Amino acid sequence: MNDTIRAFILNQKDYRERDALLQVFTRESGRLAVIAAGARKMTSHNAGRILPCTLADLHIDYVSGKTIFRLKGAETVNPYRHIQNSLILSSAAQVLCDTMYQMNLEETGMMETEYDLLASAMDALEAGHDANTVICLYLADLLKLFGSEPDVDECTVCGKKMVRSISVKAGGFLCEEHAVQEKAPFLPKEDLKRFRLLCKAGMAHLDIAEKADPAKLPDVSFLAEFIHAYTGSSIASIAFYEEVSAL
């Protein structure tokens with residue numbers, strides 16, 4: 001057999017002496033591991049076709065139930081050249097791919113939705129949309145899929161509509177009284193309003209969220225903390241993205 005799967009290359013690691021181990025995400029089968037023999041050799045035909053944060057057609061012998069395969073060949077479908085040529089966009093794309101790699105997506109039973117969400121976010125970065133906003137909407141959508149979205153309609157403790165802070169521990173907004181109890185810093189009204197819109201809008205309403213008030217780096221950090229707290233996934237590349245964004 002010689003099957004072709006279309007997949008996002010989430011990451012690539014050295015494997016044995018000259019091989020590479022790819023973690024990829026497909027629409028039909030979710031996350032798979034693919035061994036690319038000889039990919040680290042100078043003469044490799046596949047090396048440039050399996051770069052992280054790109055979309056490729058991979059030729060393998062697919063067997064249902066297996067999670068690791070050997071690569072026979074590859075063709076790049078979308079190299080995302082605009083992303084690859086920008087440090088901020090490439091680091092943002094790595095956050096998207098790392099999140100998809102870290103989260104245990106197969107348990108949700110919505111792999112097609114998750115694949116389409118990643119495709120939508122990557123396309124948005126490639127088109128030049130604001131990186132902070134794309135990341136925030138992407139993370140918020142993933143939290144919704146897991147049933148773990150922040151409560152941004154009222155104080156998560158008492159239900160008061162007048163809120164002053166955000167608490168990852170409490171799961172969303174806090175009123176003044178409970179913000180003081182949790183020692184959560186008060187935030188400006190515009191920051192709370194923007195965070196609520198980011199959580200509600202999702203990638204489907206990127207243009208609206210971006211036009212209303214583009215996301216700020218603290219919004220990215222908050223949602224990354226929510227991801228870690230409520231899905232158990234730690235996004236390793238978020239620290240580098242925050243460092244690059246602060247330059």
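**Exercise 1.** Determine which residues of H4 and H6 meet, and how the two helices are oriented.

*Solution.* Thr 133, Cys 136, Leu 137, Ala 140 and Lys 144 of H4 are in contact with Leu 198, Cys 199, Lys 200 and Ala 201 of H6, where contact means heavy atoms within 4.5 Å. By class, the residues of this contact comprise six nonpolar, one polar and two charged. This is a predicted model, in which local features need pLDDT of at least 70 and side-chain atom pairs count only at pLDDT 80 or more, while totals for chains, interfaces and linings use all residues. Residues are numbered from 1 along each chain as its sequence is written, and side-chain values use heavy atoms, with hydrogens and water left out.

Next, take the geometry: the axes of H4 (residues 131-145) and H6 (residues 189-201) come within 7 Å and cross at roughly 60°. The two helices are therefore oblique to each other, since angles under 35 degrees count as roughly parallel, over 145 as roughly antiparallel, 65 to 115 as roughly perpendicular and the rest as oblique.

**Exercise 2.** Decide whether Asn 132 is buried or exposed, and find the partner of its side chain.

*Solution.* Asn 132 lies in helix H4, and because its relative accessibility is 14% it counts as buried (under 20% relative accessible area, with exposed over 50% and partly exposed in between, using a 1.4 Å probe and protein chains only). Leaving aside residues up to four places away in sequence, Asn 132 touches Ala 215, Lys 216, Leu 217, Val 220, Tyr 241 and Ser 245. Of these, Tyr 241 is joined to Asn 132 by a side-chain polar contact of 2.5 Å.

Key:
Axes are lines fitted to C-alpha atoms, for helices over the stretch in contact, and angles run from 0 to 180 degrees between N-to-C directions. Helices (H or I, at least four residues) and strands (E, at least two) are DSSP runs, numbered from the N terminus. Ala, Val, Leu, Ile, Met, Phe, Trp, Tyr, Cys and Pro count as nonpolar, Asp, Glu, Lys and Arg as charged, and the others, Gly among them, as polar. A polar contact is a pair of N or O atoms within 3.5 Å; within protein, one must be able to donate a hydrogen and the other to accept it, and residues adjacent in sequence count only if both atoms are side-chain atoms.
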